[in-house]
Amino acid sequence: MLAAVFIGQGFDALRSPKLAADAARPTLEGLQKLPDPVGSGVPGDAETFAKVNAAVQIGGGLLLATGRMPRLASAALAATVIPANLGAHMFWNENDQKLKAQKRREFLTDISLLGGLIIASADTAGKPSLGWRGRRAARKVAEAVTATLPSSNSALVDSELADRAVHGLQAGAERGRELALVAGERTAPLLEAARKRGAELADVALERGAELADAARGRGAELADAARELAKDQGADLVDTTRSRAKKFARR
C-alpha cells in the first residue's frame with residue numbers, strides 16, 4: 001500500500017514529463033547552488049531528471065510492493081520524495097489562501113510518506129539488525145572478561161570498557177605494524193655490527209685460549225701437589241676417627 005502512490009506517480013511522470021520537470025526544477029536549482037562536487041554533479045536537464053526519478057519510483061515501488069529488497073527499495077523511494085514531491089508543494093510561496101492550504105496538506109502528506117519510507121528502510125522484519133548484533137557481541141565480550149576478574153572489579157566491565165578494548169586492539173595493531181617496520185629497518189645494521197663484533201671476540205678468544213690453557217696446566221700441577229700433601233697429613237687422623245666412630249655406631 002505504501003508503494004502504490006509511487007508507482008502511480010512514476011507512470012504519470014513518464015506520460016507527462018513536463019509537469020514532473022516543473023515540480024523537480026526548484027529542487028534541482030537549489031542543489032546546483034551547493035559547492036562542488038555536489039553542485040556540479042546535479043543534472044541540468046529537469047525533464048531527463050524527472051524521467052530517471054520516475055523510473056526509480058516505478059522500480060522501487062514494484063520491489064517494495066512485492067516484498068523484494070524492501071529496505072533498499074524504501075530507501076530509494078525516500079530519495080525521490082524531495083525532488084519529485086516537495087518541490088511541487090512549496091505552500092510558503094503561494095499567495096492564494098485556498099491553493100496555499102491545499103499545497104500545505106499535500107506537503108504534509110508527502111512528509112508522512114517520507115516518514116513511512118524511513119521506517120520501512122530501517123525495518124528488519126523481525127531479524128536482528130547490525131547495530132543490535134554489534135551491541136550483543138560487545139556485551140558477550142564484557143561478560144566473558146567479567147567472569148575472569150575478581151568480583152570487586154566486575155562492576156568496572158561494561159559496554160564502555162568493551163569499546164575501549166576494541167579501540168585498544170586497533171591501536172595495538174597499528175603500533176605493532178609501526179614497530180615491525182622500524183625493526184625491519186634496524187635489523188640489518190644490528191646484524192652487521194654483531195658479525196663484526198663476533199669476529200673480534202673470536203680472535204681474542206683464540207689468543208687468550210692458549211694463555212689460559214698454559215696457566216691451567218701450571219696451576220693444576222700445584223693444586224695436585226697440595227692435595228697430596230694434605231692427604232698425607234690428615235689421612236691418618238681421618239682413619240683413626242672413622243674407626244672409633246664406626247665402633248660406636250656398631251654398638252648402637
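**View 1. Ile-7 and the residues it touches.** Setting aside neighbours within four places in sequence, Ile-7 is in contact (heavy atoms within 4.5 Å) with Gln-57, Ile-58, Gly-61 and Leu-62. Keep in mind that this is a predicted model, where local features need pLDDT of at least 70 and side-chain atom pairs count only at pLDDT 80 or more, while totals for chains, interfaces and linings use all residues. Residues are numbered from 1 along each chain as its sequence is written, and side-chain values use heavy atoms, with hydrogens and water left out.

**View 2. The largest nonpolar core.** Ile-7 turns up again here, in a set of 11 residues that also includes Phe-6, Leu-64, Leu-77 and Leu-114. A nonpolar core is a set of buried Ala, Val, Leu, Ile, Met, Phe, Trp, Tyr and Cys residues joined through side-chain atoms within 4.5 Å; buried means under 20% relative accessible area, exposed over 50%, partly exposed in between (1.4 Å probe, protein chains only). Helices H1 (4-15), H5 (70-84) and H6 (97-122) each supply at least two residues of this core; helices are DSSP runs of H or I, at least four residues, numbered from the N terminus. H5 gives the most, with four residues.

**View 3. Helix H4 and its end.** H4 covers residues 46-66. Among its buried residues are Ala-50, Asn-53, Gln-57 and Leu-64. Just after H4 comes Gly-67, with a positive phi of about 80 degrees.

**View 4. Pro-26 in helix H2.** Pro-26 sits within H2 (residues 17-32). Why does Pro-26 count as partly exposed? Because its relative accessibility is 31%. Pro-26 and Met-90 are 64 residues apart in sequence, yet 9.4 Å apart in space, C-alpha to C-alpha.

Key. Expected span 1.5 Å × (residues − 1).
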